[in-house]
Amino acid sequence: MSVGGLRSAWRPLQNWLTFSRRWFLLDARWEIPEELAYNAARYLRGLHKPIYHPNSDCGDHVVVINTKWIAYPEQIWENRQYFEFTAYGSKGEYTPFRQLHKEDPTVLVKKAISLEIGPCIERKQLQSRLHLFSENEITPELASQLHAVIPRIRPLPQKLKDVDDNEEIVDEVRPGWKLEGVDDGSARPLPWSAGGLKNTK
């Protein structure tokens, strides 16, 4: 088959992938919700498609798993709060992030994505295509519809217990710094530990 024949055979599939609603998987484990919300809102609104227009509804479905294992610094868990009107005497209540996440593990990701979408008419329609799960267990019907995985923003760290004994660990150190106390490979200093670093400049 010629090159032109291959292009003509690929064009119907390309059109189907562009105009159809696809299902994407997004892993929220050890991700910051505000950073994760940017990727989710982008696929919900269809910004990743070449046919995107603000007046057209061409977004896809996004399935977010592991919302229970999101990451925040300790001070944000304790100090940042959400304000919600109680519709009683024009008053409201403040709820800390930790308490809100304990009551519903999906609410922080949902609020972050809603804030990233912004105040628009189609917000409820976009949120109807958002599917949140606290763990990595989803229904078989939903799993059969998944098309692709949205790339992670932060690489998932590997635990030391998951590292093979024969696997070599590469320590990323700043230029001009070296590790102390490293002998014939018997010692494995952690790259994030500042105790084993010494400035050579």
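**Note on the aromatic cluster and surface patches**

1. F97 is buried, with a relative accessibility of 2%; buried means under 20% relative accessible area, exposed over 50% and partly exposed in between, with a 1.4 Å probe and protein chains only. The rings of Y82 and F97 have centres 5.0 Å apart and planes at 20°, so this pair is stacked. Rings of Phe, Tyr and Trp (its six-membered ring) pair if their centres lie within 6.5 Å; planes under 30 degrees apart count as stacked, over 60 as edge-to-face and the rest as tilted. Y82 belongs to strand β3 (residues 81–88) and F97 to helix α4, 15 residues apart, and the pair links these distant parts of the chain. Y82 is partly exposed at 24% relative accessibility.

2. This is a predicted model: local features need pLDDT of at least 70, side-chain atom pairs count only at pLDDT 80 or more, and totals for chains, interfaces and linings use all residues. Residues are numbered from 1 along each chain as its sequence is written, and side-chain values use heavy atoms, with hydrogens and water left out.

3. The structure holds five aromatic pairs. In the pair Y72 and F97, the ring centres are 5.5 Å apart and the planes at 50°, so the pair is tilted. Y72 lies in the loop between β2 (61–65) and α3 (74–79) and F97 in helix α4, so the contact ties together parts that are 25 residues apart in sequence. Helices (H or I, at least four residues) and strands (E, at least two) are DSSP runs, numbered from the N terminus. Y72 is buried at 12% relative accessible area. Ring pairs join Y72, W77, Y82 and F97 into a cluster.

4. On the surface, E84, E93, E103 and D104 form a patch of negative charge. Patches are made of residues with over 30% relative accessible area and no salt bridge; like charges are joined within 9 Å, and nonpolar side chains (Val, Leu, Ile, Met, Phe, Trp, Tyr) within 5 Å. A salt bridge is a side-chain nitrogen of Lys or Arg within 4 Å of a carboxyl oxygen of Asp or Glu. E103 sits in helix α4 (residues 97–103) and is exposed, at 58% relative accessibility.

5. W30, W69 and L156 make a nonpolar surface patch of about 290 Å². W30 is placed in the loop between β1 (23–27) and α2 (33–45). With a relative accessible area of 38%, W30 is partly exposed.

Methods. Accessible areas come from the Shrake-Rupley method with a 1.4 Å probe; for residues, only the protein chains shown count as cover. Lys and Arg count as positive and Asp and Glu as negative; His and the chain ends are not counted. The place of a charge is taken as NZ of Lys, CZ of Arg, CG of Asp or CD of Glu.
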